[in-house]
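Biologist: Could you take a close look at one part of this model and tell me, in one connected account, what surrounds it?

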Amino acid sequence: MARLSAKLRLGYFPLPAPEALRIRRFLKLNKPSSVLDPCSGTGAALATITADALITRHAIELDAGRARDGRSTLNNVIHGSTFDTH
């Protein structure tokens, strides 16, 4: 049943906010940069990890609804498969 549930969600397992904050503590983002999240979901994790940094946030998301949601917090979001994006 878990496998069916994952397929219905397109394998969507968002990174918990506390983990995103934990990752952020290990990064030094002190100069303008670009980052890419190849499976961005709503973009919440990438936004948290790169908060308060001079970062251009690029993302790819398979689900149309999550890609639309990600556009509100990320700079560039492609709706499609990471494997088919050039």
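Modeller: Patches, as the word is used here, are made of residues with over 30% relative accessible area and no salt bridge, and nonpolar side chains are joined within 5 Å. In this predicted model, Leu 15, Ile 23 and Leu 27 make a nonpolar surface patch of about 220 Å². One of these residues, Leu 27, sits in the loop between helix 2 (17-25) and strand 1, and Leu 27 counts as partly exposed because its relative accessible area is 36%.

Strand 1 covers residues 33-37, and Asp 37 belongs to that strand. Asp 37 is buried and yet has no salt bridge, since the nearest side chain of opposite charge, that of Arg 57, is 10 Å away, whereas a salt bridge would need a side-chain nitrogen of Lys or Arg within 4 Å of a carboxyl oxygen of Asp or Glu. A polar atom of the Asp 37 side chain does, however, lie 3.1 Å from the backbone nitrogen of Cys 39. Once its neighbours within four places in sequence are left aside, Asp 37 is in contact with Leu 46, His 58, Ala 59 and Ile 60.

Turning to another loop, Leu 62 is placed between strand 2 (55-61) and helix 4 (64-70). Leu 62 is partly exposed, because its relative accessible area is 46%, and its C-alpha is 9.8 Å from that of Gly 11, although Leu 62 and Gly 11 are 51 residues apart in sequence.

Note on methods. Residues are numbered from 1 along each chain as its sequence is written. This is a predicted model: local features need pLDDT of at least 70, side-chain atom pairs count only at pLDDT 80 or more; totals for chains, interfaces and linings use all residues. Side-chain values use heavy atoms; hydrogens and water are left out. Helices (H or I, at least four residues) and strands (E, at least two) are DSSP runs, numbered from the N terminus. Buried means under 20% relative accessible area, exposed over 50%, partly exposed in between (1.4 Å probe, protein chains only). Lys and Arg count as positive and Asp and Glu as negative; His and the chain ends are not counted. A polar contact is a pair of N or O atoms within 3.5 Å; within protein, one must be able to donate a hydrogen and the other to accept it, and residues adjacent in sequence count only if both atoms are side-chain atoms. Contact means heavy atoms within 4.5 Å. Patches are made of residues with over 30% relative accessible area and no salt bridge: like charges are joined within 9 Å, nonpolar side chains (Val, Leu, Ile, Met, Phe, Trp, Tyr) within 5 Å. Accessible areas come from the Shrake-Rupley method with a 1.4 Å probe; for residues, only the protein chains shown count as cover.
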